[in-house]
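These are my notebook entries on a single protein chain. I set down here what I looked up, entry by entry.

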Amino acid sequence: MKRFAAFLLSLTLTAALLHSQEAETASTGADFTIIPRLDMGAVFPKENTYFSMGNTSLYSLFEGNFTERLSFSVSNHWLTGFQPPVGDFDFTPTKDLYKYLGHSDWTNWLDWAYIRYDADSWFATVGKDLMYLGGMESDEYDYDVHPALASSLWNNMSSYQWQVAAGWQNETTSLSVQVSTSPYGERPFGSGIYNFGAKWAGEYGNFSNIWTFTMVGKGDGEYYPLACLGQKLELGDVTMSMDLWNAVVSEDELLLKGASAYLSALWAPEENVEILVRGGYEHASDKAFRDDFNALRGGMAVHWYPLENLRLHVSAGYCRASWERLSAHAGITWYFKTHIGKK
């Protein structure tokens with residue numbers, strides 16, 4: 001653990017030195033965006049329907065360039081959706097964002113914060129970032145996602161981890177490897193549990209892919225080989241995507257042997273209108289979890305952008321499992337963006 005932490009520190013110091021050497025000649029600048037989202041709706045299980053605020057949240061995104069080669073990105077999650085039980089509101093999810101700041105087994109208010117250095121075809125990143133575990137679903141910003149349409153991996157995994165990555169890229173292809181802390185460890189470095197991953201991301205005309213393979217550390221020398229194949233095809237106004245995983249994710253047990261498959265279709269009939277249809281199937285090999293995961297999941301959403309920085313949306317999702325339920329929400333997302341420095 002000490003060696004890994006020292007390695008991260010050395011990379012940070014190296015990046016700072018490179019910044020000081022190039023700052024005088026390279027253009028700099030950053031974009032700062034505040035993203036509040038408000039959802040209101042209801043969840044309809046077999047009994048006891050309840051009011052829901054869905055993915056209500058407050059995020060900020062700060063990213064830009066120190067120099068021509070050195071860039072950074074920071075995403076903060078300040079407030080999160082909360083469910084109001086009868087008679088009172090439950091703010092526990094937002095409290096947990098601050099309670100678990102020093103944890104790797106739970107999400108917190110710092111989603112990611114990393115620096116990236118590019119040297120011709122080579123690049124390296126250091127800091128907190130998304131571990132290599134997802135395809136097209138994980139490529140979306142969290143504040144744009146409808147949780148009822150997302151996989152168990154997106155909903156239950158603490159996927160933002162401290163990491164270091166390096167890779168090679170050209171105009172179409174990016175190949176990289178990553179070492180990251182594990183969601184199976186309580187503390188990022190104190191637990192001494194790490195992941196080792198590889199990623200292939202490409203854009204080839206109207207086809208693109210994000211394929212990852214990560215040995216997820218579970219402790220005591222045990223690893224789960226997590227593979228994800230994500231691909232996307234753009235056909236005029238319609239964009240099709242498919243994600244495949246060799247696992248399902250439980251909130252308590254994390255990675256369970258099985259399989260997940262999701263297919264999405266996004267149709268943009270007008271410049272400011274999107275219609276999303278998404279469906280999937282998750283299968284758990286362990287009999288104890290089959291009632292929860294051997295089920296079809298899916299739904300649809302409609303997005304309308306009356307202004308460039310304003311999205312109005314409605315969504316509905318359904319899951320057939322032991323906790324069979326339908327959910328429906330309507331909401332609004334603002335994107336308040338400002339530029340700092342030179343353009």
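The entries below go from the whole chain to single residues.

**Entry 1. Basis**

I worked with a predicted model, in which local features need pLDDT of at least 70 and side-chain atom pairs count only at pLDDT 80 or more, while totals for chains, interfaces and linings use all residues. Residues are numbered from 1 along each chain as its sequence is written, and side-chain values use heavy atoms, with hydrogens and water left out.

**Entry 2. The whole chain**

I looked up the secondary structure and found four helices and 18 strands. Helices (H or I, at least four residues) and strands (E, at least two) are DSSP runs, numbered from the N terminus. Of the 343 residues, 44% count as buried; buried means under 20% relative accessible area, exposed over 50%, and partly exposed in between, with a 1.4 Å probe and protein chains only. I noted an accessible surface of about 17,700 Å², of which 59% belongs to carbon and sulfur atoms. The areas come from the Shrake-Rupley method with a 1.4 Å probe, and for residues only the protein chains shown count as cover. I then took the contacts (heavy atoms within 4.5 Å) between residues at least 6 apart in sequence: 54% of them join residues at least 24 apart.

**Entry 3. Helix α2**

Which residues of helix α2 are buried? In this helix, residues 92–99, I found Thr 94, Asp 96 and Leu 97. They lie on the same side of α2, because they cover an arc of only 155° around the axis; the arc is that of the directions from the helix axis to the C-beta atoms. The buried residues pack against β4 (70–79). On the face turned away from the buried side I found the exposed residues Lys 95 and Lys 99.

**Entry 4. Nonpolar cores**

I next looked up the nonpolar cores, each a set of buried Ala, Val, Leu, Ile, Met, Phe, Trp, Tyr and Cys residues joined through side-chain atoms within 4.5 Å. The largest has 14 residues, of which Leu 153, Met 157, Leu 226 and Leu 255 touch the most other members. Strands β11 (222–235), β12 (238–250) and β13 (254–270) each supply at least two residues of this core. Apart from this core lies another, of seven residues, among them Ile 35, Trp 112, Tyr 143 and Tyr 335.

I also listed the contacts of Met 157: not counting residues up to four places away in sequence, Met 157 touches Leu 133, Ser 152, Pro 183, Val 249, Leu 254 and Leu 255. Leu 254 is found in strand β13 and is buried, with a relative accessible area of 11%. Its phi is near 60°, a positive value in a residue other than glycine.

**Entry 5. Aromatic rings**

Rings of Phe, Tyr and Trp (its six-membered ring) pair if their centres lie within 6.5 Å; planes under 30 degrees apart count as stacked, over 60 as edge-to-face and the rest as tilted. By this rule I counted 13 aromatic pairs. Trp 78 and Trp 109 are stacked, because their ring centres are 5.4 Å apart and their planes are at 15°. This pair links distant parts of the chain, with Trp 78 in strand β4 and Trp 109, 31 residues apart from it, in the loop between α2 and β5 (110–119). Trp 78 is partly exposed at 30% relative accessibility, and Trp 109 is partly exposed at 22%.

I found one aromatic cluster formed by Tyr 59, Trp 112, Tyr 141, Tyr 143, Tyr 160 and Tyr 335.

**Entry 6. Arg 116 and Asp 120**

Arg 116 lies over the face of Phe 123, at 4.2 Å from the ring centre. A charge sits over a ring if NZ of Lys or CZ of Arg is within 6 Å of the ring centre and within 35 degrees of the ring normal. I then turned to Asp 120, which lies in the loop between β5 and β6 (122–130). Asp 120 is exposed, at 67% relative accessibility, and has a positive phi of about 60° although it is not a glycine.

Lys 218 is in strand β10 (residues 207–219) and is partly exposed, with a relative accessible area of 28%. Leaving aside its neighbours within four places in sequence, I found Lys 218 in contact with Tyr 184, Ile 193, Tyr 223 and Tyr 224.

Pro 225 is in strand β11, and I noted it as partly exposed at 36%. Pro 225 and Asn 195 are 30 residues apart in sequence and 9.8 Å apart in space, C-alpha to C-alpha.
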